[in-house]
Amino acid sequence: MSRWIVRGLRSGVRTSPFPAREDPEANDAPSAVELDVRGLTARTALAAAEACPTDALVAEGDLRRGRLSFDLGQCILCGRCTRLAPEAFRPVHDPRVAVRARGRLSRRVTWSAGGGPVEEAMELELTGRLRERSFRVFGRSLHIRHVDAGSCNGCESELQLLSSPYYDLARLGLFFTPSPRHADALLVTGVVTRNMEAALQETYAAIPEPRLVVAAGVCAIGGGCFAGGIMTHGPLDRLLPVDVYVPGCPPTPLALLHGLLLAVGKAEERRSASPAPVAGAGRKGEG
Amino acid sequence: MSRLAELAPALGLTPEAGPPGELRAVCASASFTDLAARIAVDAHLSDLFASVNPEGVVLTAVFSLAGDPDWLLLSTLLSGDRFPSLTPRVHAASWYEREIAEMYGLVPEHHPAPVRLRLHDWPEGMPPMRCRLAPGERAPRGERPEVVPEVRGQGVFQLPLGPVRSGPQEAAEFLFNSGGEDLVAVWPRLGYKLRLVERLAEGRPVEAVLALAERLAGTSTFSNGLAFVQAVERAAAVEVPPAARLARTLLNELERLHHHFGAVGRVADATGLLVAAAQYAMLKEEVLRTCAALTGHRYSRGILAPGGLAAPLAAEGMAELAGRLPDWRRRAAGLGALLEDTATFMDRLEGTAVLEPGYAAQHDLVGPIGRSTGVDRDVRRDHPYAAYAELAFEVPTDARGDAEARVRVLLAEIGQSLGIVQQALDRAPAPSAVPPDAPLGAGSALGWAEAPGGETLHFIELDAGGRVRRWRARPPACVNWHPYAHACASGNNLTDYPVIEASFALSHAELDR
């Protein structure tokens, strides 16, 4: 048994410096796709929507007049738009892609005769709990009850790696718990199948308040490529109140860590390179 | 001439050639079961599925024979909703027929246990693969019939575990029946993750279904995507350039590596060998990071395209792989040797959850589970695809069928995979040009790949517009879950259970789909 101890010690410390510092070695995998409106044309908007296998990119109209909606909550990271129109769609290597409000994952762009694509300002949904309260209650330790509501197992594979030496979620005060009675948060992966709905609801009901709900992966956020099936229920937030949405297919381990830290108020949402205009920006209570 | 081609006329069949390597024979519905049973005496039943066309319901059985690179597809058009069950004569047909019955509303007559496989409270009379529902309409909730046998005896205690499990794991329920410490019986109740991907695919373009195939199961993402895209290529008679075939081989093996590292790590975790679990988890993470460096995605999603790859493998990724590979080989070999030398670990595996060779052979098992019971079958060698015919590798087997045999096969496969990756690197797959959009028209074909859990077999029919009319996906877990309950009941105790489950390393998403 001492040989195992020696082997373990010899590996040294491999833990990611995230979130204190960036971790470029972990960021080869993009955590999201970002739309840069300055690089978009009507033509590439229509082509990208045609190529998109889910409802992440949906276009209406034609070259003269139309609209593109981009919903990161449905983006399965297939890479087609980034290859088709790299000047408009870029992979995001920063893992801080989780958000508190569903609307923060959406962008809308319109174009009409005589002008290039212009972004519409979106009403910001005000959902989820206030950051300060989360931090006070859960900032030091968060016990997470995970439920697989019908995933492909990619999300679970990434979640299991959070306990591995590279990520070690316990150092951040995050723990998985087998009992919903001891849990502070429900972390849901997968598309909420018909057969899992009851178990999901019972698990949520068994978690005492205050409790948080995190939707991890686009299956939980919007159904991903399983949206609209006869066996699937649809987005998690139609069943339960969701506090944090972590996009990705699957979300990378650092993106999951960021989502959990966002839920407890120990991290911030990312400011994107070309931020979406927000209707009524500067209103109190945002985020 | 292949042995399957010789076999067919002896049975009164005149097979037509389908895509290369596929022999297709059609028979009358009255003789289907008898013919299938006779072929299955020597051949491996690789799939049995239904599909609906304008004339009615077609049943197709897929066979392969050891040492023969061909596949034989035997189809029949059913007259009516009933057909004589193949299961009394070919036990491996059992779960296929249960799935056909519940999904298509057919009745396999004289099936010994025609209970539901994946449906829970779905109402009767609305077979999910045939029923019409308006967009957004949900079927009402009916009764959930009990599908597992009741165990009775003095002191037998029943404990249901799941579908919400203890850690971040897939959802599945297990009914434990124990007498004291002894594990009398464990029945898996599956289907919690049923998404019905095959129905979602109908009428959709190939690119959309490729995305579905890649997301059928996360830890066999690339293998399922590869099997699907190869079916499309075979249906359209599209040639894949050698460099792309080599790149696909590389990615297929990297997936096997990260899956097997994870699986061995979970066995170590189940026995409390935490350092080993951490060491294997680190290896798995490193393989995933290298896949991301090569393809832009940790699970290599989005890199496949009909005709080749959607983008060349990144040069930086190839350099990273070349740099890491010697270190992985050294660490994997060292860890494997240390595990085999750790008596407290090996003792937990020896004699645990035994699948006797005779029992296993009735189920036509695939992959490492099959190979750990002596089934010497691997589609990389037996039905070569991608660049496997040009590379040197062995297929390890072990005849004992216990948890130790399963883990030894996983460890040996890790070594073999690392060797294949080295050979692929030495041949330096040059960045291949992105293929032009392959013109797709009507056609049908099989596609297959050796996923980490065993062979994954897909079948597609495309319509004239190149859209998917029918997609059948039969990943390895569909076969390998079948003997699980029997293995659990082979004289184990409660504390063995985590070791049993980890040693099988079966995917729920692959079965439930």
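Among contacts in chain A between residues at least 6 apart in sequence, those joining residues at least 24 apart account for 78%. The model from which this value comes is predicted. Of the 287 residues in chain A, 50% are buried, and the secondary structure of the chain comprises eight helices and 11 strands.

Chain A is divided into two domains, with domain 1 spanning residues 32–119 and domain 2 spanning residues 131–263. Their C-alpha centres are 26 Å apart. Where the two domains touch, domain 1 of chain A contributes 19 residues and domain 2 of chain A contributes 20 residues. The side belonging to domain 1 consists of 11 nonpolar, three polar and five charged residues.

Chain A also contains an open sheet of five strands, which run in the order β8-β7-β9-β10-β11 with parallel pairing. The edges of this sheet are formed by β8 (174–176) and β11 (244–246) of chain A; each has a single partner strand, and therefore one side of each is left without a neighbour in the sheet. On average, neighbouring strands of the sheet are turned by 25 degrees against each other, direction ignored. The pairing at one of these edges can be followed residue by residue. Strand β10 (residues 212–216) of chain A pairs with β11(A) in the parallel sense over three bridges. Within this part of the sheet, Val214(A) has Val244(A) in β11(A) as its bridge partner.

The next level is the contact between the two chains. Chain B gives 54 residues to this contact, and chain A gives 54 residues. On the side of chain B, the elements that supply two or more residues are α4 (197–201), α5 (206–214) and α8 (274–295). The greatest contribution to that side is made by α8(B), with 10 residues. By class, the side of chain B that touches chain A has 30 nonpolar, 14 polar and 10 charged residues.

Two packed helices are described by the angle between their axes and the distance between the axes. For helix α14 (residues 403–426) and helix α17 (residues 497–504) of chain B, the axes come within 9 Å and cross at roughly 35 degrees. The crossing of α14(B) with α17(B) is left-handed. From α14(B), the residues Ala403(B), Arg406(B) and Val407(B) meet Val499(B), Ile500(B), Ser503(B) and Phe504(B) of α17(B). The contact between these helices is made up of five nonpolar residues, one polar residue and one charged residue.

Key
Residues numbered from 1 in each chain as written. Chains lettered and ligands numbered in written order. Predicted model: local features only at pLDDT ≥ 70, side-chain atom pairs only at ≥ 80, totals over all residues. Domains from an automatic or database assignment. Contact = placed C-beta atoms within 7 Å. Nonpolar A, V, L, I, M, F, W, Y, C, P; charged D, E, K, R; others polar. Helix = DSSP H or I, 4+ residues; strand = E, 2+ residues; numbered from the N terminus. Buried ≥ 20, exposed ≤ 12 C-beta atoms within 10 Å, placed from the backbone. Axes fitted to C-alpha atoms, helices over the stretch in contact; angles between N-to-C directions. Left-handed = near helix turned anticlockwise from the far one by under 90°. Pairing = 2+ DSSP bridges.
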